[in-house]
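User: Can you walk me through this one? I'd like to go over the packing and then the ligand.

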Amino acid sequence: MESLRRGPRFSSIRLHCRALAQPRRCFLPNNLRVRTLQTHSRSSTASRQQPHPPLVFAFDIDGVLLRGETVLPAAKRALARLEGANPTGLKIPYILITNGGGISEEDRCRKLSKQLGFDIKPTQYVQSHTVLKSVVHKYAEKPIMVFGGKFDEVRKVAEGYGFEKVYTTLDVMAWNPNVWPFHELTAEERASTKPVDFSRTPISAAFVFHDPRNWALDVQILCDLVQSGGIIGAPYLPVSEQNKVDLVFCNPDLLWRAAFDRPRLGQGAFREAFQAVYHALTGKRYPYVQYGKPSEVTYKFAEKVLVDRLEELSGRRPAVSPEVYMVGDNPESDIAGANAAKWSSVLVRTGVFDPAQGPPAHTPTHIAEDVEEAVEWAIRREMERAG
Ligand code: G3P
Ligand code: MG
């Protein structure tokens, strides 16, 4: 883990950027008033040949920028810095990568822009299920069941991605309330349902998009689906390649930081609850695919979003891979994933990670009090590296 000499603040950036203002070094056209902060040159000879990697940030949301619906004050100050509120007027590109979800990227970005006070575009935003856009082709026409979120919001997200036959566990309750006798659909829930005969609708895959609201109902229906080859209410069959229902989870977080003083159970805890019941029933764990941070798929997807964002800002693809700083509150997802992606990682103390519980399970490049301190530290580090 690294700590830095407490150098002068942004004034050093001013000095440095003047040196960088030579057109051949900065790959952004002047009229964009956006200049990326070129990072350290690995070695002087190399830098003469090699363009400098652009400095970019990747921010987690819950526990870093927000706690529940509350915006953390350090978040606005940190983003203000990156949006140019610094002596250089430089804008430093950043994206948001969250294991949250449940609504479309466009809707979430609209909401985040209002909360944070800066225009957050869908081209700089990755949520837990965004990566599913890359698997739609496998299931487009096949009936799928989606889990999580409120009412049929995740159905709309799935249809927005291109899934055509999308059902929810509330649809199942509307079809036959005896499926789960301990819950009665509310009027709002019933209004979100679609009429369908599940005895004639073989479900090919179950996608847990977001944190389920009714764990008991969802565990019951997931057990029905995977034990009957996808036909709810049909006799249970031994699981085989022929009748296997694909199971995909989009967020592995056992814990996450919301508005309550202690971390809350996340989608990963729902996954373990399902697996515990399935194991009690069958003596086995049900095979599944896991997306979301720290999965390699999600970080690779995010890296592509980052590079596309740099191209969007500069009008051309960066000549070299960016120098990415991931700022997160969860060692298991944010830090583990960033370390595996060979990014720099900064762990903040405003979320899941509690120093009183001992050192983090995954060692970050640095630990900071909050996101503002994390941004300051990263920029100073790049300035010092640039020498
Ligand atoms: O449900 C969201 C939660 O698991 C964590 O979200 O933004 O900290 O990745 P985030
Ligand atoms: Mg978080």
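User: Which residues does Leu-65 touch, not counting residues up to four places away in sequence?

Analyst: This is a predicted model. Leu-65 touches Phe-59, Asp-60, Thr-70, Val-71, Leu-72, Ala-75, Leu-96, Leu-116 and Val-371.

User: Which residues touch the most other members of the largest nonpolar core?

Analyst: Leu-65 is one of them, along with Phe-57, Phe-59, Leu-96, Val-327 and Val-371. That core has 32 residues.

User: Which helices and strands each supply at least two residues of it?

Analyst: The helices are helix 3 (73-82), helix 4 (105-116) and helix 13 (371-386). The strands are strand 1 (55-59), strand 4 (94-97), strand 13 (323-328) and strand 14 (344-348).

User: And which gives the most?

Analyst: Helix 13, with seven residues.

User: What's in the second core?

Analyst: That one is separate and has 29 residues, among them Phe-147, Met-173, Phe-198 and Leu-222.

User: OK, ligand now. What surrounds ligand 1?

Analyst: Asp-60, Ile-61, Asp-62, Thr-98, Asn-99, Gly-100, Asp-211, Asn-251, Asp-253, Trp-256, Lys-293 and Asp-329. Asp-60 is also among the residues that Leu-65 touches.

User: How far is an oxygen atom of ligand 1 from an N or O atom in the Lys-293 side chain?

Analyst: 2.8 Å. For the side chain of Asp-253, the distance from a ligand oxygen to an N or O atom is 2.8 Å. For the side chain of Asp-211, it is 3.4 Å.

User: How much of the ligand's accessible area does the protein cover?

Analyst: The protein covers 97% of the 310 Å² that ligand 1 has on its own.

Key
Residues are numbered from 1 along each chain as its sequence is written. Chains are lettered from A and ligands numbered from 1 in the order in which they are written. This is a predicted model: local features need pLDDT of at least 70, side-chain atom pairs count only at pLDDT 80 or more; totals for chains, interfaces and linings use all residues. Side-chain values use heavy atoms; hydrogens and water are left out. A nonpolar core is a set of buried Ala, Val, Leu, Ile, Met, Phe, Trp, Tyr and Cys residues joined through side-chain atoms within 4.5 Å. Buried means under 20% relative accessible area, exposed over 50%, partly exposed in between (1.4 Å probe, protein chains only). Helices (H or I, at least four residues) and strands (E, at least two) are DSSP runs, numbered from the N terminus. Contact means heavy atoms within 4.5 Å. A residue is near a molecule or strand if one of its heavy atoms lies within 4 Å of it. A polar contact is a pair of N or O atoms within 3.5 Å; within protein, one must be able to donate a hydrogen and the other to accept it, and residues adjacent in sequence count only if both atoms are side-chain atoms. Accessible areas come from the Shrake-Rupley method with a 1.4 Å probe; for residues, only the protein chains shown count as cover.
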